[in-house]
Amino acid sequence: MSQFEYINAISKVIEKIDSEEVASKIKEAADLCAETIASGKLVHMFGSGHSVLPVQDVFPRYGGYVGWHPLMDPRLMWHNVIGPNDAPGLLWLERQKGYIANFLDNYDFKEGEVMIVYSHGGMNAAPIETALYAKERGLKVIAVTSVDNYRNGAPATYEYEGKKIKLYDIADIVLDNCCSLVDAQVPLRNEPGYVGATSTIGAIAVSQTLATETALRLEKMGVKVEPFVSPNVVGVDGAARTKSNYKKYRKLVVEDLNNI
């Protein structure tokens with residue numbers, strides 16, 4: 001046991017992610033992502049608010065490799081607590097029906113590609129409509145969300161075809177971030193509520209496990225995987241690798257944009 005309550009809490013989240021039930025879903029998702037990247041297509045990733053963070057953590061970064069396409073709308077990422085591009089503003093916008101298509105219409109999505117959608121609660125319009133948008137275009141949808149939140153949280157409020165739904169209900173594969181519906185895990189002694197948020201670390205742990213498993217599958221398929229490397233890595237020209245990766249990524253994404 002750690003001397004810190006938060007370390008104990010987040011360790012339990014990681015242990016759950018490594019359980020057979022969750023691991024089997026990550027392996028299924030890794031098979032799908034590897035097949036998609038091997039075919040020359042993209043695995044798209046979308047999140048809003050704090051769910052942007054796991055998207056940023058997969059690509060581009062050291063250990064990241066071409067095949068992942070982060071979709072980040074600056075209007076759904078807070079850059080100020082209050083004022084222009086503030087947190088309350090994005091919270092309002094991500095709940096507005098019909099908005100997200102204006103952002104997604106900037107891209108050329110191909111049938112057979114994958115869309116990963118991140119949302120701890122899975123109730124807001126932006127992640128739900130991103131998943132629906134993808135499904136309508138023949139993409140497979142992977143949701144990274146809290147299954148506890150889905151089962152035990154507030155009832156769904158987003159209505160689609162006469163039913164109240166959450167992100168979980170749309171996905172082809174659901175990856176549980178293994179965090180409870182309240183997210184923060186350490187109770188305060190003198191006030192109601194909790195501190196020590198877990199959902200971002202949970203989602204990033206799931207994402208990095210998925211990206212790693214996908215890379216290992218690509219190697220088995222004979223696909224060359226060339227991750228970004230730190231300048232501290234001996235035996236690899238990091239600058240050349242970085243330049244090459246951005247060139248490959250640009251070719252994949254810019255050619256898609258030219259087709260719109």
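I began with Trp 78 and located it in the loop between strand 2 (68-71) and helix 4 (87-93); helices (H or I, at least four residues) and strands (E, at least two) are DSSP runs, numbered from the N terminus. The model is predicted, so local features need pLDDT of at least 70 and side-chain atom pairs count only at pLDDT 80 or more, while totals for chains, interfaces and linings use all residues. Residues are numbered from 1 along each chain as its sequence is written, and side-chain values use heavy atoms, with hydrogens and water left out.

I then asked why Trp 78 counts as partly exposed. The reason is its relative accessibility of 39%, since buried means under 20% relative accessible area, exposed over 50%, and partly exposed in between (1.4 Å probe, protein chains only).

I found an open sheet of five strands in the order 2-1-3-4-7, with parallel pairing; two strands pair if DSSP finds at least two bridges between them. Strand 2 and strand 7 (173-176) are the edge strands, each pairing on one side only.

I followed strand 3 (residues 114-118), which runs parallel to strand 1 (residues 43-47) and is joined to it by five bridges. Phe 46 stands opposite Val 117 in strand 3. Five bridges also join strand 3 to strand 4, again in parallel, and Val 114 stands opposite Lys 140 in strand 4.

Lastly I checked the cover of strand 3: five of its five residues are buried. Val 114, Ile 116 and Tyr 118 point one way, Met 115 and Val 117 the other. In a regular strand the side chains alternate between the two faces of the sheet.
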